[in-house]
Amino acid sequence: MKTHHYIFLTTALFVVVFYDQNVGLNLGIIGIIYSVLTFFRTPEKNRTKTFLFLFITSVLSSVAFAWFGDFASFLAVVSSLLLLGYRSKNRRMKILLLIPVIIVNAFTSFCRFFSFDEWLPKKNIPGLCQKIMAFFLIPLILVSVFFGIYSVGSDHFAGLFTNVQFDINFWQLLAMIVLGFFIAFNYWNYTVEKLIYKNNTVLDNDFKERDKVVKPTYSFLDLDTERTSGVISFFTLNILLIFFIITYNYEQFYETVKTPVQLSEETHERVNAVIVSIIMAILVIMFYFKSGFNFDPKAGLLKILAKTWILLNAVLVISAMVKNSEYIINYGFTYKRLGVYVFLVLSLAGLITAFIKIQLQKRNAFLFNTMSWYLYGVILICSYINWRGIITSENMKRKDFVFNYHKREINFNETQLLKYAEEKKNPKLKAEILEKVKAQQNERFFSRLMYYEAIELK
């Protein structure tokens, strides 16, 4: 199939599964269709290990959305498909450049649509198809569009057709066609501008030979002075961080026990301070090890101090994790408390990546490229696992379990709540949960979520 075949086919499928439906199973189906079509359309040389990994995650993310239909799975399926389509054509392009590619194509899609020679076949199509398109399809589209416009503009014109009943929401259908075509057109027919191609080398992980020359960063500082400045800076920062870790842990684990509200506020303030500290630490490392000092034979002490600072920051992150764990043990699981783990794990991953960067003499772009994949991995993990069920299941073990909060504020925990209602032998609670499940199971087919379909009404 040619590009225009893929565009028209996926547009038609989009309209079929989304017209007069809520978002649910339909997005999962479309995601799987896009993934499979992309796989077969991709040349053999571009089916790298990364591409195959993205193909698998795209299918799994689509299934996850069909199951849960939440924001995390939506983010996973969108990012997976965009990365898959991007890698299918550009196996050497850095994924960080995907964002400018998306933005540029979104704004230029209108102009590119009218460049028919770029995406429609240049040779003549068969006579029968020509006649169908010229005598039926084009007039039908034009009449439909202007019928809707004239109906809005004139009540008398619209009144001529009051006795004719069309069980079609014209404006919704038109919106689905336009949205489906916009998505299909930009997915199958996107372009990468020359300026973006040229900047791909800027994000290379490794230094080129010409970059390995040891030279001062600034004209007003010679190399020895700059190196000494780095040693003094990292030495004093290490001393400062040691004192901060001591006071930080003393305040967390040895001071007088506070109220839950005070403890919550202080925990979040301290975690925020740790995250900001880690970001600043990585920026300082990027400043000193952006070029020459990676290869300076006299920078041994500077590297040791920098690595020591990374390890001390890792100790700080682990301390924050321990405190968050203690907080959860005392007061139970919530979204925010699990979110703290996510940010701390990403911070720890950033420190490990910074350590590897210094050890293996990588460019600063290595940090961004690697962290992009870590972030994508976190999105996948958040979308594939039913964290709400875990939160409810763990909190059910507590004596202070608040049923109404978990029923009202947390989704996709109906299985656990039904178990709780049965254990408490409370038929009223069970009936309330089953009523919610039944309402979800009565949705139209493409609007359903597989999670609720798996729950038996008994």
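**A lysine and its neighbours**

Modeller: Happy to! Leaving out residues up to four places away in sequence, Lys 357 touches Phe 289, Asn 294, Lys 362, Arg 363, Asn 364, Phe 366 and Leu 367, where contact means heavy atoms within 4.5 Å. Please keep in mind that this is a predicted model, in which local features need pLDDT of at least 70 and side-chain atom pairs count only at pLDDT 80 or more, while totals for chains, interfaces and linings use all residues. Residues are numbered from 1 along each chain as its sequence is written, and side-chain values use heavy atoms, with hydrogens and water left out.

Lys 357 sits in helix α14, residues 335-360. Helices (H or I, at least four residues) and strands (E, at least two) are DSSP runs, numbered from the N terminus. Lys 357 is buried but has no salt bridge. Buried means under 20% relative accessible area, exposed means over 50%, and partly exposed lies in between, with a 1.4 Å probe and protein chains only. A salt bridge needs a side-chain nitrogen of Lys or Arg within 4 Å of a carboxyl oxygen of Asp or Glu. The nearest side chain of opposite charge is Asp 206, 10 Å away; for charge, Lys and Arg count as positive and Asp and Glu as negative, with His and the chain ends not counted. What the side chain of Lys 357 does reach is the backbone oxygen of Phe 289, at 2.6 Å.

Thr 57 has a relative accessible area of 5%, so it counts as buried. Its side chain makes a polar contact with that of Tyr 376, at 2.8 Å. A polar contact is a pair of N or O atoms within 3.5 Å; within protein, one must be able to donate a hydrogen and the other to accept it, and residues adjacent in sequence count only if both atoms are side-chain atoms. Beyond four places in sequence, Thr 57 touches Ser 80, Tyr 376, Leu 380 and Tyr 384.

Now for helix packing. Helix α4 (residues 71-89) meets α5 at an angle of about 90°, with axes 11 Å apart. That makes α4 roughly perpendicular to α5, a label given to angles of 65 to 115 degrees; under 35 is roughly parallel, over 145 roughly antiparallel and the rest oblique. Axes are lines fitted to C-alpha atoms, for helices over the stretch in contact, and angles run from 0 to 180 degrees between N-to-C directions. Here Leu 82, Leu 83 and Tyr 86 of α4 meet Leu 98, Val 101 and Ile 102 of α5. Helix α5 (residues 98-113) also packs with α9 (residues 170-188), at about 95° and with axes 10 Å apart. Among the residues making that contact are Phe 113 of α5 and Phe 181 of α9.

Further along, helix α18 (residues 414-423) has buried residues Glu 414, Gln 416, Leu 417, Leu 418, Tyr 420 and Ala 421. Their cover includes α16, α17, α19 and α20. Lys 425, in the loop between α18 and α19, has a phi near 55°, positive in a residue other than glycine. Most residues other than glycine have a negative phi. At 73% relative accessibility, Lys 425 counts as exposed.

Stepping back, the chain has 20 helices and 0 strands, and buried residues make up 41% of its 458 residues.
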